[in-house]
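Hi,

Here is the structure I promised to send over.

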Amino acid sequence: MISEIAAWLFALFVVDPLHAEIRERVDAANLPVQALQQSQQCVATHGPRLLQRAGEEPVWATGTAIGIATGWTSPTTLFDTSDPNCAALTQIFQGERGDAEA
């Protein structure tokens, strides 16, 4: 029961908003549609694994959801950057933050 709630909260606070944020960043940066498609493919590929982990590790799911919702944790830490689709996602998120961190 607790694991199902953790997975649901993880999806609600991490995965679903991530889809919307990807689209906003791609639109704002005027990036090609291919970047959006690659990013969505990354989330589609890794999302189920993350939801499974969230169900198996409720404490991780809760901590990660809070970290991402508050901005303490970058969503890019959830994805495999060696996957070309996820590399595009990482570039989208770091492109906006890269100026602030430099």
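Leu9 lies in helix H1 and is partly exposed, at 31% relative accessibility. (Buried is under 20% relative accessible area, exposed is over 50%, and partly exposed is in between, with a 1.4 Å probe and protein chains only.) Helices are DSSP runs of H or I with at least four residues, strands are E runs of at least two, and both are numbered from the N terminus.

Some housekeeping before we go inside. This is a predicted model, where local features need pLDDT of at least 70 and side-chain atom pairs count only at pLDDT 80 or more, while totals for chains, interfaces and linings use all residues. Residues are numbered from 1 along each chain as its sequence is written, and side-chain values use heavy atoms, with hydrogens and water left out.

How far can you trust it? pLDDT is the predictor's confidence in each residue, from 0 to 100. The protein chain has a mean of 77, and 91% of its residues reach 70 or more. Among the elements, H3 has the highest mean pLDDT (85) and H4 the lowest (66). Over residues 97-102 the pLDDT is below 50, and this stretch has 3 contacts in the model beyond near neighbours in sequence. A contact means heavy atoms within 4.5 Å.

Now the inside. The largest nonpolar core has 24 residues, and Phe10, Ile22, Val43, Trp60, Leu78, Phe79 and Leu89 are those with the most contacts inside it. Such a core is a set of buried Ala, Val, Leu, Ile, Met, Phe, Trp, Tyr and Cys residues joined through side-chain atoms within 4.5 Å. Two or more residues each come from helix H1 (2-29), helix H2 (33-56), helix H3 (58-70) and helix H4 (84-101). H1 gives the most, with 8 residues.

Leu78 touches Phe10, Val14, Leu50, Trp60, Thr64 and Ile68. Thr64, in helix H3, is buried at 11% relative accessibility and touches Phe10 and Leu78. Cys42 sits in helix H2 and is buried, with a relative accessible area of 0%. The contacts of Cys42 are Gly47, Phe79, Asn85, Cys86 and Leu89. Cys42 and Phe79 are 37 residues apart along the chain, yet their C-alpha atoms are separated by 7.6 Å.

What about charges? The count comes to 1 salt bridge, taken as a side-chain nitrogen of Lys or Arg within 4 Å of a carboxyl oxygen of Asp or Glu. Arg53 pairs with Glu57, with the closest N and O atoms 3.4 Å apart. Arg53 is partly exposed at 34%, and Glu57 is partly exposed at 35%.

Cheers

Conventions:
Lists of a residue's contacts leave out its neighbours within four places in sequence.
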